[in-house]
Amino acid sequence: MGAGGKAGKARRAARVSLWVARASTTVLLWTCVVVLLAAAFGEHLAPSVLGLGGVWSGCLAQTLVIVQRPLLLPADRERVAATATAAAAAVALPLPPKRIYKNNGYLMVSCNGGLNQMRAAICDMVTVARYLNVTLIVPELDKTSFWADPSEFRDIFDVDYFIASLRDEVRILKELPPRLKKRVEQGYLRSMPPVSWSDISYYHNQILPMIKKYKVLHLNKTDARLANNGLPMEIQKLRCRVNFDALRFTPEIEELGRRVVQILRQNGPFVVLHLRYEMDMLAFSGCTHGCSNEEAEELTRMRYAYPWWKEKVIDSKAKRKDGLCPLTPEEIAMVLKALDIDRHYQIYIAAGEIYGGQRRMAALTSAYPNVVRKETLLPSGLRFFQNHSSQMAALDYMVSLESDVFIPTYDGNMAKVVEGHRRYLGFKKTVLLDRKLIVELVDEYKNGTLSWTDFSSSVKASHTSRMGAPSRRQVIPDKPKEEDYFYANPHECLHQPDELSAL
């Protein structure tokens, strides 16, 4: 063989050696990536990916990387993700150490209701899982309620942060281990709703034995399943930790929420008005004040169309006089003026489509010309969130937390949870309207028996102590629904003035 042939053969051998080295390096790098992911976000990844058992250790520096996300809104989801990933100066925070305990089984959870009803349920079920020493599977969100939102947990909340940030309290997996998952898919699953307003002893005495027996238990209809009061302090603290820290929204929702707040702040102070005057709320509550006969009939037909809305025959006038109806746009316009809210302030409407549209909003927009919504502030930025009511509600939630004043017109779940979160953030001003008194004053003013000056003075005087100031949660034995709701006033988790703490 000539010198040229030998040289060619040597070059080919060198290329083969280089290719082998590259391939080996690639395999090694991917193995490390898988190991890192398994260690950071759940041991259940190891058996399914690498065919190995046990707990990973020693391969991961125990840090949780949180990217500092910019305020500017990218044009679409892909750019949001790219911007977040490429943001400079990622801050590494220490992960809490894993809690080591004997696992008593697995708990699956299906939440019901809207976003904030499900949010409170998630907090409760994390707490239950921790105190039963069971593994929690990432909760399933409601897709069959009135809103029919197909969003998964990961579409609304940062699931990896949720799992990692709570690892010192409870083991959370994205799905069951393969063997148990197969059994569940074959129909071997015990499913039940827990008893409402229960203390932790109910779960120890009734639920834990069932988990030990069946290995996997599925709890459905998980709203309001832990008591407001009478629970150990550590349980109440954990509920707050889940709510105020672990349930972080996705990067996409956070970016968009920050952008909306940024636009509002550039234009001065703003009030968030949680205006519960949507068609479904009026149909559900039976409140038709100010509606035409045709509208009242339409709302009644809607109420009868949903079998899980148990109350069908409703006296709208009596319910309104008892303060059990959401205030109308006309009524809330009068309240804002009576409270001396500057007419040049921005009024951000945190709600769905208002029943009656611009006609019903006319009194409010006339009194306050700067009425805005997320759809008007970012007309082209919400296309990925359309038809996803829970993701849209998450945006309103973020804006509500940041507002100068938050005013709910009805005490639904969002109103309560935002109220509690604003208390946690330093008792930010939240006007808790006395609807029973307000409708009485409105009617007196409209029929001429009350002057505007007296109307305004009465509204101001009656709400001086209803601004979200520190207070102890009310306890009503055997009537938990009438108590202050834990998530509206989680006083165990709040920094209280000295005189209140001493009570």
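This briefing walks through the fold, the confidence and some local contacts of the structure above. The model is predicted, with a mean pLDDT of 84 for the protein, and 80% of its residues reach 70 or more. Its secondary structure comes to 21 helices and 11 strands. Of the 503 residues, 50% count as buried.

**Confidence**

- If you plan to work from these coordinates, please look at residues 27-91, where the pLDDT is below 50. In the model this stretch still has 97 contacts beyond near neighbours in sequence.
- Residues 499-503 also have a pLDDT below 50, and 6 contacts beyond near neighbours in sequence are found for that stretch.

**Overall contacts and surface**

- Among contacts in the protein with a separation of 6 or more, 76% join residues 24 or more positions apart.
- The protein exposes about 24600 Å², and carbon and sulfur atoms supply 56% of that area.

**The parallel sheet**

- An open sheet is built from 4 strands in the order E10-E9-E8-E11, with parallel pairing.
- Strand E10 (371-372) and strand E11 stand at the edges with a single partner strand each, so one side of each is left without a neighbour in the sheet.
- E8 and E11 run parallel and are joined by 4 bridges. Here Val271 stands opposite Val405 in E11, while Leu273 has Ile407 of E11 as its bridge partner.
- In a regular strand, side chains alternate between the two faces of the sheet. Strand E11 (residues 405-408) is covered on both faces: Val405 and Ile407 are buried on one side, and Phe406 and Pro408 are buried on the other.

**Glu278, in a loop**

- Glu278 is found in the loop between strand E8 (270-274) and helix H11 (279-285).
- Is this acidic residue, Glu278, buried or exposed? Glu278 counts as buried because its relative accessibility is 9%, under the 20% cut-off.
- Leaving aside residues up to four places away in sequence, Glu278 touches Ala351, Gly352, Glu353 and Tyr355.

**Ile207, in a helix**

- Ile207 has its place in helix H8 (residues 200-214).
- With a relative accessible area of 0%, Ile207 is buried.
- Which residues does Ile207 touch, not counting those up to four places away in sequence? They are Leu132, Met192, Tyr202, Leu217 and Leu219.

**Aromatic rings**

- A pair of aromatic rings is described by the distance of the centres and the angle of the planes.
- The count comes to 14 aromatic pairs. Tyr306 and Trp308 form an edge-to-face pair, at 5.4 Å centre to centre with 65° between the planes.
- One aromatic cluster is formed by Phe153, Phe157, Phe162, Phe249 and Tyr397.

**Charges over rings**

- Arg99 lies over the face of Tyr101, at 4.3 Å from the ring centre.
- Lys337 has its charged end over the ring of Trp452, 5.5 Å from the centre of that ring.

Technical notes
Residues numbered from 1 in each chain as written. Heavy atoms only, no water. Phe/Tyr/Trp six-rings, centres within 6.5 Å; stacked < 30°, edge-to-face > 60°. Lys NZ or Arg CZ within 6 Å of the ring centre and 35° of its normal. Helix = DSSP H or I, 4+ residues; strand = E, 2+ residues; numbered from the N terminus. Buried < 20%, exposed > 50% of the residue type's maximum accessible area, 1.4 Å probe, protein only. Contact = heavy atoms within 4.5 Å. Pairing = 2+ DSSP bridges. pLDDT = per-residue confidence, 0-100. Areas by Shrake-Rupley, 256 points an atom, 1.4 Å probe, with all protein chains shown as cover.
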